[in-house]
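Subject: Structure handover and notes

Hello,

The structure is pasted below, followed by notes on what was found in it. Please read the notes with the model open.

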Amino acid sequence: MTAPLTIRVAEAADVDSLLALVHSAYRGPSGREGWTSEADLIDGPRTTRALLAADVADPSITILVAGDLLGCAAVTLPAGGDTASFGLFAVRPGVQQGGVGTALLRAAEDHARDRGARVMEMCVIDRRPELIAWYERRGYTRTGETRPFPYGEEGVGEPRGDDFRFAVLTHDLPG
C-alpha cells in the first residue's frame with residue numbers, strides 16, 4: 001500500500017530546496033528529463049533565492065509543497081480578492097506523470113477556495129501546447145486573453161526569442 005501524498009505550506013527553511021526543485025523541473029539537464037522543461041525555450045534561472053524567499057514571506061502567497069519536496073505550487077490571493085493566481089508549479093522530473101502534479105493542483109484549488117477565491121487563473125507560455133492541454137484536461141479554459149512576457153525582469157530567465165507571451169487560463173472554483 002502506498003502512503004498518501006502529504007501537502008504542506010512551505011516555510012523559510014525550505015527556500016534553498018525549493019529553488020533547487022524549481023530549477024530541476026524547468027531548466028538545465030535535469031529539466032530535460034521531464035516533460036515540463038523550458039530548457040529549449042528559456043535560458044537562465046527560473047527564479048532567484050531572494051524572490052522565492054520574498055514569496056514565502058508574503059502573506060498573500062502560499063507555496064504548497066508535496067511530499068519530501070516532490071513538487072511545489074504557489075497560490076496568490078490578494079486580500080479581499082476573489083481570483084487566485086496559480087504559479088511556480090514544479091514537479092521533480094523523476095516523479096512526473098505519477099499524480100503529484102494533479103494532487104498539487106487540486107490542493108492549490110482547495111486552498112484558494114478555502115481563502116475565498118471563486119476563480120483560479122494562470123498564465124502559461126503560449127509555446128507550451130502540451131502543458132496547456134494538460135490544464136485543459138483538468139477543467140481549465142483559455143480566456144482568449146494573452147499577456148506579455150516579462151522580458152528583462154529578474155527571475156524569469158532569457159527567452160530564446162522576442163515573441164513570447166502568456167496564454168491566460170481560468171477555472172471556476174465552486175463553493
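Contact in these notes means heavy atoms within 4.5 Å. The model is predicted: local features need pLDDT of at least 70, side-chain atom pairs count only at pLDDT 80 or more, and totals for chains, interfaces and linings use all residues. Residues are numbered from 1 along each chain as its sequence is written, and side-chain values use heavy atoms, with hydrogens and water left out.

Two more terms are needed from the start. Helices (H or I, at least four residues) and strands (E, at least two) are DSSP runs, numbered from the N terminus. Buried means under 20% relative accessible area, exposed over 50%, and partly exposed in between, with a 1.4 Å probe and protein chains only.

E121 sits in strand β6, which covers residues 119-125. This glutamate counts as buried because its relative accessibility is 15%. Not counting residues up to four places away in sequence, E121 touches T83, A84, S85, F86, R147, V168, L169 and T170.

A pocket is found on a 1 Å grid over the protein atoms alone, as an open set of points where a 1.4 Å probe fits, with protein on both sides within 12 Å along at least five of seven lines; a set from which the probe cannot get out is a cavity instead, and lining residues have an atom within 4 Å of a point. Grid points are joined across faces, edges and corners, and a volume is the space filled by probe spheres set on the points. The volume of the largest pocket is about 950 Å³. Its lining has 34 residues, and R46, F86, G87, L88 and F166 lie nearest the centre. At least two lining residues come from each of α3 (49-57), β4 (71-76), β5 (83-91), β6, α5 (129-136) and β7 (141-148). Sorted by class, the lining has 20 nonpolar, five polar and nine charged residues. Here Ala, Val, Leu, Ile, Met, Phe, Trp, Tyr, Cys and Pro count as nonpolar, Asp, Glu, Lys and Arg as charged, and the others, Gly among them, as polar.

Backbone points

Most residues other than glycine have a negative phi. L88, in strand β5, has a positive phi of about 50 degrees although it is not a glycine. L88 is buried because its relative accessibility is 11%. L69 also has a positive phi, near 55 degrees, and lies in the loop between β3 (61-66) and β4. With a relative accessible area of 15%, L69 is buried.

Helix α4

Buried residues in α4 are V100, G101, L104, L105, A107, A108, E109, H111 and A112. After α4 comes G116, whose phi is positive, near 105 degrees.

H111 of α4 is buried, with a relative accessible area of 19%. Not counting residues up to four places away in sequence, H111 touches T62, L64 and V75.

Cores

A nonpolar core is a set of buried Ala, Val, Leu, Ile, Met, Phe, Trp, Tyr and Cys residues joined through side-chain atoms within 4.5 Å. The largest one has 45 residues, and L18, I63, F86, F89, M120 and Y135 have the most contacts inside it. Helix α1 (residues 15-26) gives the most to this core, with seven residues. Another core lies apart from it, with seven residues, among them L41, I42, I125 and F164.

F89 is in contact with Y26, C72, A73, G101, L104, W134 and Y135, leaving aside neighbours within four places in sequence.

V15 lies in helix α1 and is buried, at a relative accessible area of 2%.

Regards
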